[in-house]
Amino acid sequence: MKNQIINTSENEYNKIKEETDLSSAFLVEIDGSQIKTVYELFEAMEKAYNLHTLNDTWCRNRSAFDDLMTDLDWIPYNKHILAIKHYAELLSGYPVERNRFIHYLKDSILPFWEEEVLHCVVEGETKEFTVYLVD
């Protein structure tokens, strides 16, 4: 299993989605055209992943967000698909933040679920995690 980020067109993504057995995968789709700030990105991710929190300040704390995204034990799937539709519009006024988010996924979340979870979590299990950047 190789967790990865894939740039794709909307047509290609729709074809992939049709061919995917969604009964065995957790699919998250967020609309980049509706996400203009980092706060809105965290809100979209919170809603999509039903992120639980101990307080209302987690979305202002990247470390807490990382803790939640490397937990996900409330989601009973070992295959995760995150599709960011209209990717070019995601954080359009903040290209550095958009790049930081994608690097965070690539350098932290994907490797964690691909292998690191086996070494960091008691009885940890890998998860297939694919991110589609859709335009």
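A crossing is left-handed if the near helix is turned anticlockwise from the far one by less than a right angle, and right-handed if clockwise.

**Ground rules.** I am working with a predicted model, where local features need pLDDT of at least 70, side-chain atom pairs count only at pLDDT 80 or more, and totals for chains, interfaces and linings use all residues. Residues are numbered from 1 along each chain as its sequence is written, and side-chain values use heavy atoms, with hydrogens and water left out.

**Entry 1, α2 and α3.** I took helices (H or I, at least four residues) and strands (E, at least two) as DSSP runs, numbered from the N terminus. I looked up helix α2 (residues 38-49) and found its axis coming within 12 Å of that of α3, with a crossing of roughly 25 degrees. Axes here are lines fitted to C-alpha atoms, for helices over the stretch in contact, and angles run from 0 to 180 degrees between N-to-C directions. α2 is therefore roughly parallel to α3; the classes are under 35 degrees for roughly parallel, over 145 for roughly antiparallel, 65 to 115 for roughly perpendicular, and oblique for the rest. I noted the crossing of α2 and α3 as left-handed. In contact terms (heavy atoms within 4.5 Å), Val 38, Phe 42, Met 45 and Tyr 49 of α2 meet Arg 62, Phe 65 and Met 69 of α3.

Next I checked helix α3 (residues 62-69) against helix α4 (residues 95-120): their axes come within 11 Å and cross at roughly 40 degrees. That makes α3 and α4 oblique to each other, and here I logged a right-handed crossing. On the α3 side I listed Arg 62, Phe 65, Asp 66 and Met 69, and on the α4 side residues including Tyr 104 and Trp 113.

I then traced an open sheet of four strands, in the order β1-β4-β3-β2 with parallel pairing. Two strands pair if DSSP finds at least two bridges between them. The edges are β1 (4-8) and β2 (26-31), each pairing on one side only. I read an average twist of 15 degrees from one strand to the next. Six bridges join β2 to its parallel neighbour β3 (residues 79-85), and I found Val 28 opposite Leu 82 in β3.

Using a side-chain nitrogen of Lys or Arg within 4 Å of a carboxyl oxygen of Asp or Glu, I get three salt bridges in the structure. One of them joins Lys 17 and Glu 29 at 3.0 Å, N to O. Lys 17 sits in helix α1 (residues 10-19) and Glu 29 in strand β2, so the pair ties together parts that are 12 residues apart in sequence.
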